[in-house]
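Work through the exercises below with the structure open. Try each task before reading its solution.

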Amino acid sequence: MTGVSAMVLGLMLAGYAFANGLGAGIVEALAPPMVVVTLQDDVRPPPERHETETLSTTVVAPEPPPPTIPDQNFTAEKKSPIEGDATKPPVDPGAGVTPPPRSVTRALPKLAAKDKPEYPPSAIRGHKEGTTGLDVCVDARGRATSVSLASSSGHEILDQAAIKWVRTTRFAPGTLDGQAAAMCGARVFYEWKITN
């Protein structure tokens, strides 16, 4: 026990000594002083020069001999303009050329019936006149499938009477290359005029 306490006491004293700077003095005393010496630049004599004599020489290559071309005789085959080369297939002059687009004959639908729309009595009394323009789509059987007002007569009662009439009347259907087809674009104009 005594030995352990003596050892602990010794360690504590050594730690105290190092903590208070005594250890720095011991380290300074033990380290040898450092001496810095500056050395002069290493001066070396320049390398010795050996003078050599340069000779100028010109090498002239001998001229090559002219090339020899063997004599060759060529004979062209004569073919008749009618006969072709049997090994090659005949060339189609129209190959690679796109044909022009085919034109389609188109005829718009037209009014077939000769009947006229009924003049509204109130429009007659009010002396209302004008021209109604309609855009009509017609199916392949000649029936109007849709009707829209293209231009007004200036009187709604006359325009509505014209639309009602066109929806019930018959048309000659439009054709594509002579075949009846459903088509839009038929234009119908009706002039409303009161006569005596």
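Predicted model: local features only at pLDDT ≥ 70, side-chain atom pairs only at ≥ 80, totals over all residues.

**Exercise 1.** Find the order of the strands in the open sheet of three strands, and say which strands stand at the edges.

*Solution.* 
- Step 1: Read the order across the sheet. It is β4-β3-β8, and the pairing is antiparallel.
- Step 2: Look for strands with a single partner. These are β4 (144-151) and β8 (183-192), so one side of each has no neighbour in the sheet.
- Step 3: Neighbouring strands are turned by 25° against each other on average, direction ignored.

**Exercise 2.** How many bridges join β3 to β4, and which residue in β4 does L134 stand opposite?

*Solution.* 
- Step 1: Take β3, residues 130-138. Six bridges join β3 to β4, and the two run antiparallel.
- Step 2: Locate L134. Opposite this residue stands L149 in β4.

**Exercise 3.** Locate the one disulfide of the structure and say which strands hold its cysteines.

*Solution.* 
- Step 1: Find the pair. C137 is joined to C184, with S to S at 1.9 Å.
- Step 2: C137 lies in β3 and C184 in β8, so the pair ties together parts 47 residues apart in sequence.
- Step 3: Read the handedness. The link of C137 and C184 has 110° about the S-S bond and is right-handed.

**Exercise 4.** Is C137 buried or exposed?

*Solution.* 
- Step 1: Take the relative accessible area of C137, which is 15%.
- Step 2: Apply the cut-off. Buried means under 20%, so C137 is buried.
- Step 3: Turn to the partner. C184, at 43% relative accessibility, counts as partly exposed.

Key. Residues numbered from 1 in each chain as written. Heavy atoms only, no water. Pairing = 2+ DSSP bridges. Helix = DSSP H or I, 4+ residues; strand = E, 2+ residues; numbered from the N terminus. Axes fitted to C-alpha atoms, helices over the stretch in contact; angles between N-to-C directions. Disulfide = S-S within 2.5 Å. Buried < 20%, exposed > 50% of the residue type's maximum accessible area, 1.4 Å probe, protein only.
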